[in-house]
Amino acid sequence: MLLLSAMLALMPNADAIAQNRTASLKAAYIYYFTKFVYWPEESEARTVCISGEDPELSVELNKVKLKAGDALSVRWLPTGETANHCDLLFWVQGNWNHPPAMSGTLLVVDEGLDSSDAAVSLVMSGTKLSFDINRGNAKTNNIEISAKLLGLAREVNP
């Protein structure tokens, strides 16, 4: 009985597994958004800036960056820093003073955040993570979103 209790204590709980899976999916989405978006300036490498704190997402983005190599740079923005030189700006959930996206920057917001300026909003429906696209907000920042990405979105607003 003692051995069984010890084994159960060492097993990760379902919430931890689900949270890690969600962070992994968010990191993958962020990376693939960089592949299916047309920026005003061509570049072999894209810079993703993260505003907010999410340790699980940090771990998963580091894994993605290792696989992407020089094609992806990830920068965590300290409080109050502007989002200069960011191709994609991701606002993490939480109580955070997020910087605005500059022209030429794709603004992606985490699930549960409401931003009228976001081009892409992550949405959690039950256990499924998906995303909505606002083409008008993307165009305001001189961003074009590919038809492939538009076809994968849960909802597309003009």
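The questions and answers below walk through a predicted model.

Q: What percentage of the residues in the chain is buried?
A: The chain has 158 residues. A residue counts as buried under 20% relative accessible area. By that cut-off, the buried share is 41%.

Q: What share of the contacts with a separation of 6 or more comes from residues 24 or more positions apart?
A: Contact here means heavy atoms within 4.5 Å. Take the contacts in the chain with a separation of 6 or more. Residues 24 or more positions apart account for 49%.

Q: What part of the accessible surface of the chain belongs to carbon and sulfur atoms?
A: The accessible surface of the chain comes to about 9,300 Å². Of this area, the part belonging to carbon and sulfur atoms is 54%.

Q: How are the rings of Y31 and Y32 arranged?
A: A search of the whole structure finds 4 aromatic pairs. Y31 and Y32 form an aromatic pair, with 5.1 Å from centre to centre and 70° between the planes. Planes over 60 degrees apart count as edge-to-face. The arrangement of Y31 and Y32 is therefore edge-to-face.

Q: How many residues apart in sequence are the parts that the pair of F33 and F131 ties together?
A: The ring centres of F33 and F131 are 5.1 Å apart and the planes lie at 80°, so this pair is edge-to-face. F33 lies in helix α2 (residues 14-35), while F131 lies in strand β7 (residues 128-134). The pair therefore ties together parts whose separation in sequence is 98 residues.

Q: Are F33 and F131 buried or exposed?
A: F33 has a relative accessible area of 1%. For F131 the value is 3%. Buried means under 20%, so F33 and F131 are buried.

Q: Which residue forms one aromatic cluster with F33 and F131?
A: F33 and F131 form an edge-to-face pair. Their aromatic cluster also includes Y29.

Q: What is the volume of the largest cavity?
A: A count of cavities of 30 Å³ or more comes to 1. The space in the largest cavity is about 30 Å³.

Q: Which element gives the most to the lining of the largest cavity?
A: The lining residues are R135, A138, K139, I143, E144 and I145. With 3 residues, the element that gives the most is α4.

Q: How many charged residues are in the lining of the largest cavity?
A: R135, K139 and E144 are among the lining residues. By class, the lining has 3 nonpolar residues and no polar ones. The number of charged residues is 3.

Q: How far apart in space are L89 and A101, C-alpha to C-alpha?
A: L89 lies in strand β4 (residues 88-91). L89 is buried, with a relative accessible area of 0%. Its contacts beyond four places in sequence include C49, L77, P99, A101 and V108. L89 and A101 are 12 residues apart in sequence, and their C-alpha distance is 6.6 Å.

Q: Where does H85 lie?
A: Most residues other than glycine have a negative phi. H85 is not a glycine, yet has a positive phi of about 60°. H85 is exposed, with a relative accessible area of 71%. Its place is in the loop between β3 (72-77) and β4.

Q: What is the phi of N142?
A: N142 lies in the loop between α4 and β8. N142 is partly exposed, with a relative accessible area of 44%. N142 is not a glycine, but its phi is positive, at about 65°.

Q: Which residues are in contact with V156, leaving aside its neighbours within four places in sequence?
A: V156 lies in strand β9 (residues 155-157). V156 counts as partly exposed, at 36% relative accessibility. V156 and G136 are 20 residues apart in sequence and 9.9 Å apart in space, C-alpha to C-alpha. Beyond four places in sequence, the contacts of V156 are I133, R135 and L150.

Conventions: Residues are numbered from 1 along each chain as its sequence is written. This is a predicted model: local features need pLDDT of at least 70, side-chain atom pairs count only at pLDDT 80 or more; totals for chains, interfaces and linings use all residues. Side-chain values use heavy atoms; hydrogens and water are left out. Rings of Phe, Tyr and Trp (its six-membered ring) pair if their centres lie within 6.5 Å; planes under 30 degrees apart count as stacked, over 60 as edge-to-face and the rest as tilted. Helices (H or I, at least four residues) and strands (E, at least two) are DSSP runs, numbered from the N terminus. Buried means under 20% relative accessible area, exposed over 50%, partly exposed in between (1.4 Å probe, protein chains only). On a 1 Å grid over the protein atoms alone, a cavity is a set of points where a 1.4 Å probe fits but cannot get out, and a pocket is an open set with protein on both sides within 12 Å along at least five of seven lines; lining residues have an atom within 4 Å of a point. Grid points are joined across faces, edges and corners, and a volume is the space filled by probe spheres set on the points. Ala, Val, Leu, Ile, Met, Phe, Trp, Tyr, Cys and Pro count as nonpolar, Asp, Glu, Lys and Arg as charged, and the others, Gly among them, as polar. Accessible areas come from the Shrake-Rupley method with a 1.4 Å probe; for residues, only the protein chains shown count as cover.
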